[in-house]
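Visitor: I would like a close look at a single part of this model. Please keep it brisk.

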Amino acid sequence: MSVDAAIAVFDRNYDAFVEDLGTFLRFQSVSAQSDHAGDMVDCARWISRQLATAGLDAHIVSTDRHPVVLADSGPVPDANAPTLLFYGHYDVQPPGDLKLWESPPFEPTIRNGAIHARGSADDKGQVMTHLTAMRCWRETGMPWPVRVKFLIEGEEEIGSPSLPDVLRKRVDELACDYVVLSDTAKLNAETPSLAYATRGLIYKEIEIEGPRRDLHSGQYGGAVANPGNVLARILAKLQDDSGRITIDGFYDKVRELTDWEKAHLKRAGLTDKQLLAATGCPAPAGEPGYTSAERCTARPTLDVNGLLTGYTGEGAATIIPNRATAKVSMRLVADQDPGTISEAFDQAVRSACPPSVRLSISNHTHCAAYLAPTDSPAMKAAAAALMAAYGKPPVFTREGGTLPILPLFKQILGADSVMLGFSVPDCNLHGPNEFFHVTDFRRGTQCILRFMGLMASSV
Ligand SMILES: [Zn+2]
């Protein structure tokens with residue numbers, strides 16, 4: 001069978017592929033730091049050469065910041081075969097305090113079965129499973145089972161500022177049936193997972209200004225509005241005592257969980273016991289009628305992330321502060337529209353604010369939720385490929401966090417995403433001593449090869 005031939009290539013050349021992964025990890029491709037701009041270009045060129053070696057037509061696109069690598073296999077013999085766009089990122093987070101690293105962040109070192117280096121899990125080690133799968137397939141001499149395209153960017157860790165423009169300008173070049181990415185984790189070391197949903201995010205900053213300077217509360221207290229009091233009242237009006245958000249129309253478009261999802265979350269989702277152990281909170285809290293697992297993945301939220309006003313130093317200072325600020329975020333779910341929710345939030349805050357203070361609201365983040373169908377041919381193929389690689393069926397998960405690229409791919413390319421994550425959840429992502437298990441490099445590459453084979457026969 002053809003996929004087995006490609007897997008055999010991997011096994012035969014295993015040492016060389018691990019060495020290539022080491023080369024990839026040695027590039028100090030830190031996107032946030034401008035003195036690494038040259039490393040970014042070198043790294044993009046190296047990826048482009050890897051893709052060319054795998055027989056793909058690869059080229060580099062420059063942006064205002066860091067280059068993007070694109071590649072395409074071109075049309076394949078089976079005209080009905082789907083097109084997969086493999087997405088990943090070659091930029092990494094800054095290594096942070098070097099003293100906390102057991103081995104230098106850009107000198108990949110294998111210990112305890114894991115390759116330790118900055119970017120080993122996020123995302124170079126996982127991107128390498130894609131690149132290696134292509135090289136293995138090419139090596140067999142067989143025609144491509146599906147049309148394969150690549151988009152590997154260098155700005156993911158700084159919020160992908162150039163990506164929307166690259167996608168919009170190259171809709172035809174990047175046209176695909178599915179986007180495939182490996183930038184998430186498994187459920188645990190032995191259990192693969194398939195994430196099919198992420199939450200959106202709106203982030204606001206509210207500023208209330210009262211008197212021109214802090215006032216003596218004995219002299220003026222009672223006759224002017226206190227920005228601290230006003231802000232507390234506004235925030236309190238956004239949510240009722242049970243935790244339900246009271247902004248007009250907030251829940252109108254929220255898609256409810258299906259019975260299958262509820263049953264699945266009950267079986268595989270976070271339990272109250274796990275929640276309390278992980279957080280140290282005395283009791284769970286949240287929207288009535290939903291479990292903790294549902295609340296933190298499938299329900300929208302409103303949270304004060306920062307609150308600042310008045311005197312916060314030692315002892316007492318009887319002032320009326322001149323200003324109060326709050327940072328507030330909302331996690332959104334399908335099918336809430338970020339624009340509508342953003343306006344409804346502003347309206348609720350404005351109508352709760354008295355004329356005795358000046359109010360301003362600013363926006364930091366604005367991103368929609370993403371929800372993929374779990375029964376698409378790609379999800380079925382992904383589940384089967386994970387099953388084959390790990391000997392265990394994947395758990396379907398909803399991510400509580402936000403991945404802005406997913407709604408972007410859906411919106412601009414019209415394609416759903418398949419998230420095949422191979423790292424472990426505690427891989428020290430963004431921290432010191434980040435690692436990626438070498439067995440996950442092997443199983444991940446096998447999984448990608450099987451996925452390609454299964455997708456070819458899915459139509
Ligand atoms: Zn990442």
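Visitor: Which residues of H11 are buried?

Guide: First, the ground rules. This is a predicted model, where local features need pLDDT of at least 70, side-chain atom pairs count only at pLDDT 80 or more, and totals for chains, interfaces and linings use all residues. Numbering starts from 1 along each chain as its sequence is written.

Now the helix. H11 covers residues 377-390; helices (H or I, at least four residues) and strands (E, at least two) are DSSP runs, numbered from the N terminus. The buried residues of H11 are Ala378, Met379, Ala381, Ala382, Ala385, Leu386, Ala389 and Tyr390. Buried means that 20 or more other C-beta atoms, placed from the backbone, lie within 10 Å of the residue's own. These residues sit on the same side of H11, because they cover an arc of only 160° around the axis. That arc is taken from the directions between the helix axis and the C-beta atoms.

What lies over them? The cover includes strands E7 (178-181), E8 (193-198) and E17 (416-420), plus helix H13 (438-456). Contact here requires C-beta atoms, placed from the backbone, within 7 Å.

The length of H11 also checks out. Its 14 residues should span 20 Å at 1.5 Å a residue, and the end C-alpha atoms are 20 Å apart, so the two agree. The expected span is 1.5 Å times one less than the number of residues. Just after H11 comes glycine 391, with a positive phi of about 70°.

Finally, the wider setting. The domain assignment, automatic or from a database, gives domain 1 (2-198 + 369-456) and domain 2 (200-254 + 300-367). Their centres, taken over C-alpha atoms, are 40 Å apart. Six residues from domain 1 and eight residues from domain 2 make the contact.

Methods: Two residues are in contact if their C-beta atoms, placed from the backbone, lie within 7 Å. A residue is buried if 20 or more other C-beta atoms lie within 10 Å of its own, exposed if 12 or fewer, and partly exposed in between; C-beta atoms are placed from the backbone.
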